[in-house]
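Dear colleague,

Please find below the structure that I am handing over to you. My notes on the findings follow it.

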Amino acid sequence: MNTNSNTYTIIYSAIIVIIVAFLLAFVSTSLREKQEANVKLDTKKQILNSLNLRDLNDDAAEAKYKEVVKSEDNVDGQKVFSCEVDGQKKYVIPMKGMGLWGPIYGYLAINDDKNTVFGAYFNHDSETAGLGAEIKDSRAWQNKFQGKKIFKEGSEDIALSVKKKVEDPATQVDAVTGATLTSDGVSLMIQGGLKPYVKFLTNK
């Protein structure tokens, strides 16, 4: 075959494309199981973070998760993780929302009274580094949720929120400085994320 002909170039290119596609498919299939395992482990670590059990390596996280997460329950069609930390029962609720630039998500750990926040962990896909990304990167900001109340006394409306100006310290958390829209997204995520759980949380 004439190596300078158009036919040769087209056939050669087609063969290379097929080989590369086959190799990529093979690698993707080979790594899929490991990728899925890594995703599951990351989820477990996020749940542990919300329970204030942080900075664990992979093996320690797996062991701690098995120790503290007693069950994954379905409550009114919603997922709830029933946990035990230092002999005290906790509930972890997953949440999803939208930040300034993309999806945000997290977990809220709640005491056995179903009203007091034990811990929180938030994550994001594309918030601005040093600003909106602080919802994930600032442990100090996440710690501000500890001890906050989900409901005001005598009310079944979700009161827990993030505010630029805190008027009710019992239920409100200071917004991240310079990230008002991301903070608003977290607040809406909490409000919307907890709403389906009101019956569960108010059923003492």
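In these notes, a residue is buried when its relative accessible area is under 20%, exposed when that area is over 50%, and partly exposed in between (1.4 Å probe, protein chains only). The model is a predicted one, in which local features need pLDDT of at least 70 and side-chain atom pairs count only at pLDDT 80 or more, while totals for chains, interfaces and linings use all residues. Residues are numbered from 1 along each chain as its sequence is written, and side-chain values use heavy atoms, with hydrogens and water left out.

Salt bridges

Side chains of opposite charge can pair when their charged atoms come close. A salt bridge is taken here as a side-chain nitrogen of Lys or Arg within 4 Å of a carboxyl oxygen of Asp or Glu.

One joins Lys 44 to Glu 62, with 3.0 Å between the closest N and O atoms. This pair links distant parts of the chain, 18 residues apart: Lys 44 lies in helix H1 (residues 6-50) and Glu 62 in helix H2 (residues 58-68). Helices (H or I, at least four residues) and strands (E, at least two) are DSSP runs, numbered from the N terminus. Lys 44 is partly exposed because its relative accessibility is 21%, and Glu 62, at 27%, is likewise partly exposed.

Another salt bridge brings together Asp 55 and Arg 139, at 3.0 Å from N to O. Here, too, distant parts of the chain are linked: Asp 55 sits in the loop between H1 and H2, and Arg 139 in helix H4 (residues 139-143), 84 residues apart. Asp 55 counts as exposed at 66% relative accessibility, whereas Arg 139 is partly exposed at 38%.

Glu 72 pairs with Lys 79, their closest N and O atoms being 3.5 Å apart. Lys 79 has a relative accessibility of 40% and so counts as partly exposed.

Helix H1

H1 bends by about 45 degrees at Arg 32, the bend being the angle between axes fitted to the seven residues ending there and the seven starting there. The buried residues of H1 are Leu 41, Gln 46, Ile 47, Leu 48, Asn 49 and Ser 50. These buried residues pack (heavy atoms within 4.5 Å) against H2 and strands S1 (69-75), S2 (78-85), S3 (88-98), S4 (103-111) and S5 (117-124). After H1 comes Asn 52, which has a positive phi, near 65 degrees.

Yours sincerely
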